Amino acid sequence: MKQYDLPRNTQVIVVDDAIKVPVAAKDIAKEDIINFHHIDGMYSYCTDSEGQVCHLAAWTEVEIVEAANEQG
C-alpha cells in the first residue's frame, strides 16, 4: 500500500525497492520498520525504532506491521 493511504500513527515495514528521501535526510532501507506519523507535503514524517526523525516520499510502498498481541 502507498504510504499516503495509511492512517496516522501506524507502524510499517518498507517494501519499496526505490526509496526516496529528501536531501540530507536519514537513509531508510528496504525492510526497515518505522513509525508513520503523517504526510507533510511530498514526504512523510516518521520515526525509526530509536526515535530519530526520518522522511520518506509519500508514495513509498509499505506494509502495516501487525502487533503480536493482536493475534488470537
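Which residues make up the largest nonpolar core? The views below start there. This is a predicted model, in which local features need pLDDT of at least 70, side-chain atom pairs count only at pLDDT 80 or more, and totals for chains, interfaces and linings use all residues. Residues are numbered from 1 along each chain as its sequence is written, and side-chain values use heavy atoms, with hydrogens and water left out.

**View 1. The largest nonpolar core has 10 residues.** Its members are Leu 6, Val 12, Val 14, Ile 28, Ile 34, Phe 36, Cys 46, Cys 54, Leu 56 and Val 62. A nonpolar core is a set of buried Ala, Val, Leu, Ile, Met, Phe, Trp, Tyr and Cys residues joined through side-chain atoms within 4.5 Å. Buried means under 20% relative accessible area, exposed over 50%, and partly exposed in between (1.4 Å probe, protein chains only). Two elements, β1 (10-14) and β2 (33-40), each give two or more residues to this core. Strands (E, at least two residues) and helices (H or I, at least four) are DSSP runs, numbered from the N terminus. Val 12 is in contact (heavy atoms within 4.5 Å) with residues including Leu 6, Ile 34 and Val 62, leaving aside neighbours within four places in sequence.

View 2. The whole structure holds 0 disulfides, a disulfide being a pair of cysteine sulfur atoms within 2.5 Å. For Cys 46, the nearest cysteine sulfur is that of Cys 54, 5.1 Å away. Cys 46 is buried at a relative accessible area of 0%. Cys 54 is buried too, at 1%.

**View 3. β2 pairs with β1 and with β3.** Strands pair if DSSP finds at least two bridges between them. β1 and β2 run antiparallel, joined by 4 bridges. Here Thr 10 stands opposite Phe 36 of β2. β2 and β3 are also antiparallel, over 5 bridges. His 38 has Tyr 45 of β3 as its bridge partner. The β2-β3 hairpin has 2 residues between the strands, and Gly 41 takes a positive phi near 80 degrees.

**View 4. Ser 44 sits in strand β3 (residues 43-47).** Ser 44 is buried, at 1% relative accessibility. Its side chain makes a polar contact with the side chain of Gln 3 at 3.1 Å. A polar contact is a pair of N or O atoms within 3.5 Å; within protein, one must be able to donate a hydrogen and the other to accept it, and residues adjacent in sequence count only if both atoms are side-chain atoms. Not counting residues up to four places away in sequence, Ser 44 also touches Phe 36 and Cys 54, among others.

**View 5. The model has 3 salt bridges.** A salt bridge is a side-chain nitrogen of Lys or Arg within 4 Å of a carboxyl oxygen of Asp or Glu. Glu 61 meets Lys 2 at 3.2 Å, N to O. Glu 61 lies in the loop between β4 (53-54) and β5 (62-64), and Lys 2 in the segment before β1, so this pair ties together parts 59 residues apart in sequence.

**View 6. Asp 48 forms a salt bridge with Lys 26.** The closest N and O atoms are 3.3 Å apart. Asp 48 lies in the loop between β3 and β4, and Lys 26 in the loop between β1 and β2, so the pair ties together parts 22 residues apart in sequence. Asp 48 is buried, at 9%. Lys 26 is partly exposed, at 31%.
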